[in-house]
Amino acid sequence: RRAFHLDGVAVLAPGDEPMQVLASAGDAPHRPSDADDVQPLSSGFVVVTRGPALGADDHRVMRAFLGQLSRALEQQRLREIAAEAEALARADELRTAMLRAVSHDLRSPLASIKASVSSMRQPDVDWPAEARDDFLASIEDETDRLTSIVTNLLDLSRLEAGVLRPVLRSTSM
């Protein structure tokens, strides 16, 4: 603003009217329609100015400045994209680790249930009543364990989807 003796200058982000003001100085216009001069930047950003018209030399310097500003805005946008990609990668790693843990937790009770049922179905073995009761108790316990794991997974998916919200309250230790 001072370098070009302008009354005001603003950098506006693309979007609906009125555009979002990213930076401003002086009596800056907040809409392109209110500006004396509008200079487009990359990705839809614009620089709007209010003040006297610039000469040819000032326009050349202004274009160089605007080129640097365009590159800076593009770098900022790329940093934001990189940060989002990094967050998504971390979330994906967490999901993968959880899937591995959950698949192990699901296999353990299933293996016990399968072993008990397979043992009871052996046609060449006549199991005593006590052994059959142990097999059935094992099947029941492991089924309850499996049900608990699946319920927790469903609750977790509801929490992630925002369908279920946790209720925080004080608890006595």
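Q: Which strand is Ala-23 found in?
A: Ala-23 sits in strand β2, residues 20-26. Strands (E, at least two residues) are DSSP runs, numbered from the N terminus. This is a predicted model, in which local features need pLDDT of at least 70, side-chain atom pairs count only at pLDDT 80 or more, and totals for chains, interfaces and linings use all residues. Residues are numbered from 1 along each chain as its sequence is written, and side-chain values use heavy atoms, with hydrogens and water left out.

Q: Why does Ala-23 count as partly exposed?
A: Because its relative accessibility is 41%. Buried means under 20% relative accessible area, exposed over 50%, and partly exposed in between (1.4 Å probe, protein chains only).

Q: And what does Ala-23 touch?
A: Not counting residues up to four places away in sequence, Ala-23 touches Val-9, Ala-10 and Val-11. Contact means heavy atoms within 4.5 Å.

Q: Switching to Gln-39: buried or exposed?
A: Gln-39 is buried, at 18% relative accessibility. Its place is in strand β3, residues 37-40.

Q: Which residues is Gln-39 in contact with?
A: Leaving aside neighbours within four places in sequence, they are Phe-45, Val-46, Val-47, His-59 and Leu-66.

Q: How many aromatic pairs are there?
A: One. Trp-127 and Phe-135 form an edge-to-face pair, 5.0 Å centre to centre with 85° between the planes. Rings of Phe, Tyr and Trp (its six-membered ring) pair if their centres lie within 6.5 Å; planes under 30 degrees apart count as stacked, over 60 as edge-to-face and the rest as tilted.

Q: What about the accessible area of Trp-127?
A: Trp-127 is partly exposed, at 25% relative accessible area, while Phe-135 is buried at 17%.

Conventions. Helices (H or I, at least four residues) and strands (E, at least two) are DSSP runs, numbered from the N terminus.
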